[in-house]
Amino acid sequence: MMYFLFILLGFVLGSTLFAYWIPRLFFKTDITKVPPDHNPGVANAYMQAGFFAGTLSLLCELFKGAVPVFLADRILDRDSMLFALVMAAPVFGHAFPFFQKERGGKAIAVSFGVMIGLFPEIHPLFCLIFYYILFSLVLTLRPHSFRSVITYGLFTLTVFLFVPVNSIRLGCFIISAIVIYRHVIRCHDEALQALLFGKYPLFHKS
């Protein structure tokens, strides 16, 4: 029953699209109207509603992923495979929100929040940060959807290799599957590119 309650809490928090509602309610901006991906996410909150709205949205999106996982980790048994569903619930809620099924997001910020909620287990968070930095600044992959698919794929592989807790492995796998799915369905047949330090072309596929 306790696992179910935390899964439900994570799903409800995940279904609350703070990056959409904060700009909409407090800054009178619908961040999904102008961008071609129509994504109710943090990046569009920054670009469409400004720095303050974007930062507040980011903090809330991280919070909704971290809080249910952090609390569950202190009350429940992390070694139970049901803990994987607690991890995945906020991400699933964001990608397939109960209140706005047609407005599901790509779930990147909330997945970072889940990794923060695993503290003091920091390896999954560092893996996710490492791959995003690698594929954003060193071996730059474009477009963003391509970068995220590769990042979450390698993130999952690394977690399976270096994190011994099976429930965390499974949770990260489910989260990555959700994020990859949300990015793949929003692809717009953009050209795939790989550039060294964002300048020197290494790969291009139309």
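Okay, quick definition before anything else: helices here are DSSP runs of H or I with at least four residues, strands are runs of E with at least two, and both are numbered from the N terminus. With that in hand, take residues 81–99: the span is 74% helix and 0% strand, and its end C-alpha atoms lie 28 Å apart.

Housekeeping next. This is a predicted model, where local features need pLDDT of at least 70, side-chain atom pairs count only at pLDDT 80 or more, and totals for chains, interfaces and linings use all residues. Residues are numbered from 1 along each chain as its sequence is written, and side-chain values use heavy atoms, with hydrogens and water left out.

So where does 81–99 come from? An unreviewed UniProt entry annotates "transmembrane region" at residues 43–60, 81–99, 122–141 and 153–181; positions are in the numbering used here, feature names are shortened, and annotations may be inferred rather than shown by experiment. Look at 153–181 too: that span is 90% helix and 0% strand, with its end C-alpha atoms 11 Å apart.

Zooming out, the protein chain has nine helices and three strands, running α-α-α-α-α-α-α-β-α-α-β-β along the sequence. Its radius of gyration is 17 Å, close to the 17 Å from the globule rule for 206 residues, so the chain is as compact as a globular protein of that length. That's over C-alpha atoms, and the rule is 2.2 Å times the number of residues to the power 0.38. Along the principal axes, the C-alpha trace spans about 50 × 45 × 25 Å.

Last one, contacts, meaning heavy atoms within 4.5 Å: among those between residues at least 6 apart in sequence, 66% join residues at least 24 apart.
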